[in-house]
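User: I would like a close look at a single part of this model. Please give the criteria behind each term as you use it.

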Amino acid sequence: MSLTKRLDDAREAYKKKDLAASAEAHSSKAIIEGADEEHGGKGSQYIGSIVYGGLDGVVTTFAAVSGVAGAALGPNIILIMGLANLLADGFSMAVGSYLSDKSEQEYYNREEEREAWEVDHFPEGEKQELVTIYKSQGYSPEDAGNMTKTIAKDKRRWVDAMMLLELGLIRDDKKPITGALATFAAFVIAGVIPLIVYLIGLVVPIPGNLAFTISAILSGVTLFGLGAAKVKVTGLNPLRSGLEMLLVGGAAAGVAYLVGMALKGLGA
């Protein structure tokens, strides 16, 4: 049994409160078989970037389409505004993702270097810090001391323990540039969906109201699908998550549409 399947089985057993299935997922055989598999998989750490980038792409682009449609402007204007908004916001999100991930990793590396230096130069003080942390968590002085002695035998493990227990930091091996590209790609691919009907309209004329209706339907389906896919990150109910994103995206589009209508009236 692979680690991924064991975790999926454990989650399913928990949802159903199935003790027998949960016991099977936690059996020695299942744990040992999954131990050699890379935790999470190489691409799983980018799932969040892909899902949330896609959601933002659909919401942002359809809101722009709704605003222009509410102002009763032509399909060419909708297409220009939509594509400009799509690429500009997608680039902005990708840059933001890159800088955020890069800054977090730089901060982690800087603190890790400091902890490693302190372990080298003030080992007794670092051990006392670790003992104090374990005692604050409810361990007896004897257990806290024994755990600290065991961890302190390996510098790498010791530094990692200080990073987690003292600073609350966990190493993130996600590559900032890959995360940024995943965010941009998801944003653009999902965000272009509300514009597909207007792109087709460049070749086959489509009435404005019909085009907007089709765009709304496509956007709604995409929002629901990505909202349901979000459970890969959140672990929530897919139906509830999908409906939640559909309502949020619909509300954003509704606001943009009303603003467009209001501006149209002011410009009359």
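Is the crossing of helix 4 and helix 11 left-handed or right-handed?

Analyst: The crossing of helix 4 and helix 11 is left-handed, a term for a near helix turned anticlockwise from the far one by less than a right angle, clockwise being right-handed. The model is predicted, with local features requiring pLDDT of at least 70 and side-chain atom pairs pLDDT 80 or more, while totals for chains, interfaces and linings use all residues. Residues are numbered from 1 along each chain as its sequence is written, and side-chain values use heavy atoms, without hydrogens or water.

Helices here are DSSP runs of H or I with at least four residues, and strands are runs of E with at least two, numbered from the N terminus. The protein has 13 helices and zero strands.

Contact means heavy atoms within 4.5 Å. On helix 4 the contact is made by V51, G54, L55, V58, V59, F62, V65, S66 and A69, and on helix 11 by F212, S215, A216, S219, T222, L223, L226, G227 and A229. By class, these comprise 12 nonpolar, six polar and no charged residues; Ala, Val, Leu, Ile, Met, Phe, Trp, Tyr, Cys and Pro count as nonpolar, Asp, Glu, Lys and Arg as charged, and the others, Gly among them, as polar.
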